[in-house]
Amino acid sequence: MIRLSEIKLPLDPPADALPRAVQGLLGVEPDAVAHIHVHKRSFDARKVDLLQVYIVDVTLVDAGLEPVLLAKLAGNPRVTPSPDMVYRLPARAPAGLPLRPVVVGFGPCGIFCALLLAQMGFKPIVLERGKTVRQRTRDTWGLWRKSVLDPESNVQFGEGGAGTFSDGKLYSQIKDPRFLGRKVMEEFVKAGAPPEILYVAHPHIGTFKLVKVVETMRAEIVALGGEVRFEQRVTDVEIEDGQVRGLTVLDQQTGTTSELRADHVVMALGHSSRDTFAML
Ligand SMILES: Cc1cc2nc3c(=O)[nH]c(=O)nc-3n(C[C@H](O)[C@H](O)[C@H](O)COP(=O)(O)OP(=O)(O)OC[C@H]3O[C@@H](n4cnc5c(N)ncnc54)[C@H](O)[C@@H]3O)c2cc1C
C-alpha cells in the first residue's frame with residue numbers, strides 16, 4: 001500500500017473529492033485504484049475556510065505498480081510506503097501451563113492485560129474488588145442522586161475502572177512508533193465502539209457507550225477461557241525468595257478469605273486503592 005498525507009479538502013467536499021485527490025497525487029487513472037483506506041482525518045482551522053486533512057493508505061489494482069510509483073515519487077514527502085501496522089501477539093501460551101496468570105483489577109489496564117493474555121491462550125483469572133459494570137452503574141447513580149456511597153462500587157471501583165462513566169476520550173500525546181494504540185482502538189471497535197475512532201484526530205467513544213464495550217470485552221476474555229471474578233479483593237501477596245507464590249483474596253459478598261496459588265500476577269490497581277497500596 002502507498003500512504004498519502006496532507007490531502008486537504010473543504011469541509012463539505014463532493015463525494016469524489018478524495019478519490020480525485022488521490023489520483024492526482026499519484027498521477028493514475030481512476031480505475032487504477034482498488035481501495036482507499038482513511039488512516040486519519042483531522043481539521044485545519046488556521047485559515048478562514050476550515051479544511052479537512054486526510055492521511056490515506058491506497059491499494060492499487062496492480063500491486064506491481066506500487067514500487068514503480070513510490071520510486072517515481074520518492075522526492076515527495078507526502079507519498080511514502082504504508083507502514084506495517086498489524087499487531088502480532090508476542091507469545092503463545094505453552095501447553096500444560098501449571099498455573100494461570102492472575103490480573104488484579106479490571107480497569108482499562110487490567111482489561112487489556114487480560115484480553116491479550118486470553119488471546120495468547122493463557123486463560124487468565126481476573127480479580128476485581130468492585131461489581132459488574134451494570135450493578136456498578138446503579139451504585140454510582142445512588143451516589144450521584146441520593147448521596148449514598150458504596151465504598152466498593154463507585155466511580156473508581158468496579159468493572160471498567162475509573163472513567164467508565166466518562167465520554168471515553170481516547171487520545172494522548174505519547175509517541176507510538178509501533179502502532180500499539182491501534183490495537184487498542186481495534187479492540188474497542190470490535191467491542192462496539194464507533195469505527196470512526198480508528199481515524200479521527202480526537203477519538204472518543206461516547207458517554208455511557210463504554211458500559212456495553214466493557215461487557216463485550218469481558219465476554220471475549222471468558223469465551224477464550226479466562227475468568228473474571230467480581231467482588232474479590234486482593235488483601236495480601238505471598239512472596240517467597242523474591243517470587244510471587246499466591247494471593248490472599250477476600251470475597252466481599254461472604255466476607256470469607258481464601259488463598260489463590262499464582263506465580264504470575266499483574267497488579268492493575270489504578271491510583272485509588274489506598275488499602276492495597278498500603279499493604280504492598
Ligand atoms: C470521572 C473520570 C473521567 C475520566 N475520563 C477519562 C477519559 O475520558 N479519557 C481517559 O483517557 N481517561 C479518563 N479518566 C482517567 C482514566 O479513567 C484512568 O486513567 C484509567 O481508568 C486508569 O486505568 P487503570 O486500569 O490503571 O486503573 P483503574 O481504572 O483505576 O482500575 C483499577 C481497578 O482495580 C480494582 N482494584 C483496585 N484494588 C484492587 C484490589 N486490591 N483487588 C481487586 N481489585 C482491585 C479497582 O476496583 C478498579 O476497578 C477519567 C477518570 C475519571 C475518574
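View 1. The side chain of Ser-273 places an N or O atom 2.6 Å from a nitrogen atom of the ligand; a polar contact here is a pair of N or O atoms within 3.5 Å. This is a predicted model, in which local features need pLDDT of at least 70 and side-chain atom pairs count only at pLDDT 80 or more, while totals for chains, interfaces and linings use all residues. Residues are numbered from 1 along each chain as its sequence is written, and side-chain values use heavy atoms, with hydrogens and water left out. At Ala-268, a polar backbone atom lies 3.4 Å from a ligand oxygen.

**View 2. The shell around the ligand.** The shell holds 27 residues, each with a heavy atom within 4 Å of the ligand. Among these, Glu-128, Ala-162, Lys-169, Ser-273 and Thr-276 come nearest. By class, ten are nonpolar, twelve polar and five charged; the nonpolar class is Ala, Val, Leu, Ile, Met, Phe, Trp, Tyr, Cys and Pro, the charged class is Asp, Glu, Lys and Arg, and the others, Gly among them, are polar.

View 3. Where do they meet? Six residues of domain 1 are in contact with five of domain 2, contact being heavy atoms within 4.5 Å.

Note on methods. A polar contact is a pair of N or O atoms within 3.5 Å; within protein, one must be able to donate a hydrogen and the other to accept it, and residues adjacent in sequence count only if both atoms are side-chain atoms.
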